[in-house]
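Colleague: I would like to learn how to read a few features of a protein model, beginning with the backbone angle phi. Could we go through them one at a time, with the general idea ahead of the case?

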Amino acid sequence: MVSSAGYAYAYARYGDSLYFVKRQLIWLVIGFAVMYFASRIPIALYKKYTPHIYAITLVLLVLVLVIGFVGNGAQRWISIGPLTIQPSELAKLSMIMMLSRYFEDNGKRATDRKSKKNALIHGTLIPAAIMLLPIILVMLQRHLSCIIILGAIGLLLIFSAGINPRYIYAFTGLGAAGVSYIALFTDYTKERITVWQNPEAYKLTGGWQTLQGLMAIGSGGIFGVGLGKSILKHCYVSEPANDMIFAILCEELGFVGAMAALLLFAFLITRGAIIALRSESTYARLISLGISIKMAVQVLLNVAVVTNTIPNTGISLPFFSYGGSSLIMLFFEMGIILSVSRNAKITK
């Protein structure tokens, strides 16, 4: 899909129709290697170094605000030689790891229904602090989609750990209020909501990407126009190989192809959840579940944005969208799940 969706845009922008493909193939090979080595690392070692990974992530999130470079109007990346790192991608995984480690070490106190003190401090305030530190730093980057993903992952993971639902409802309410405040009273999000409500009124500005994406989806029909035969990828749909790749998939492969892709995601997410349920340790169970939740939330948000169900937040489709750091991070996460799977309890 990167090859098909991106060759026209790559030629127009870089003078090389294989620009995206060649780079994605390199990242793909590196990703498979990362996944293999990550799968061979014992889950106990991940647990041991989780605080270090979390601390490094926080440092990177601070550094991106100081020395990060601006791309597409946002300062979210750090360049290290030829490599470009997006710390917010690492923040999702490190938060999952830290919450999993915390509940492994403090599960009894955190889920103690008899002690209000334990429920408040260990079941609510400390997990909330683990969530809020990266969320606040990402908020300073004006990265609303990542804030939503981090919040959704954190809340669902806390719920999965067995915390009193009353506290989760309270935090869900506070989180929803916070996101609503950012959306309604921040200029860049207010503009996106306005465009989302009536994209036709902004068809040459903010609504262009949404309208062209919807046109691509509608053009696909049931079976699509055929792989490689999209018309709207020829510099009509913005970011055809990245955030809007699902629209090109729908145009070329139709409703059938779109459903096949979503069923693949459903299968992968379900397998991750099954591996989590078979895990004997709390850490292994929650980290597998957290990674599965992350992927589910990201797929849901990307499809919702492309179909204009929610305002445009700029989020990639896992494993489909072009991008090196995000692809390698996905393979690393799959490696962790495979590491958990190697030691999972299987009933014969």
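Modeller: Most residues other than glycine have a negative phi. In this predicted model, C235 has a positive phi of about 65° although it is not a glycine, and C235 is partly exposed, with a relative accessible area of 45%. C235 sits in the loop between helix 9 (208–220) and helix 10 (245–278).

Colleague: Is N308, which also has a positive phi, buried or exposed?

Modeller: N308, whose phi is about 60° although it is not a glycine, is buried, because its relative accessible area of 17% falls under the 20% cut-off. N308 is found in the loop between helix 11 and helix 12.

Colleague: How should I read the packing of helix 3 with helix 4?

Modeller: Two packed helices are described by the angle between their axes and by the distance between those axes. Here helix 3 (residues 43–67) and helix 4 (residues 87–110) pack at an angle of about 145°, with their axes 8 Å apart, and helix 3 passes helix 4 in a left-handed crossing. By class, their contact has 13 nonpolar, 4 polar and 5 charged residues.

Colleague: Which residues have the most contacts inside the largest nonpolar core?

Modeller: That core has 82 residues, and those with the most contacts inside it are F20, I43, F103 and I287. The largest share of the core, 12 residues, comes from helix 11 (residues 282–306). Leaving aside its neighbours within four places in sequence, I287 is in contact with residues including I43, I96 and V340.

Terms used
Residues numbered from 1 in each chain as written. Predicted model: local features only at pLDDT ≥ 70, side-chain atom pairs only at ≥ 80, totals over all residues. Heavy atoms only, no water. Axes fitted to C-alpha atoms, helices over the stretch in contact; angles between N-to-C directions. Helix = DSSP H or I, 4+ residues; strand = E, 2+ residues; numbered from the N terminus. Left-handed = near helix turned anticlockwise from the far one by under 90°. Nonpolar A, V, L, I, M, F, W, Y, C, P; charged D, E, K, R; others polar. Core = buried A, V, L, I, M, F, W, Y, C linked by side-chain atoms within 4.5 Å. Buried < 20%, exposed > 50% of the residue type's maximum accessible area, 1.4 Å probe, protein only. Contact = heavy atoms within 4.5 Å.
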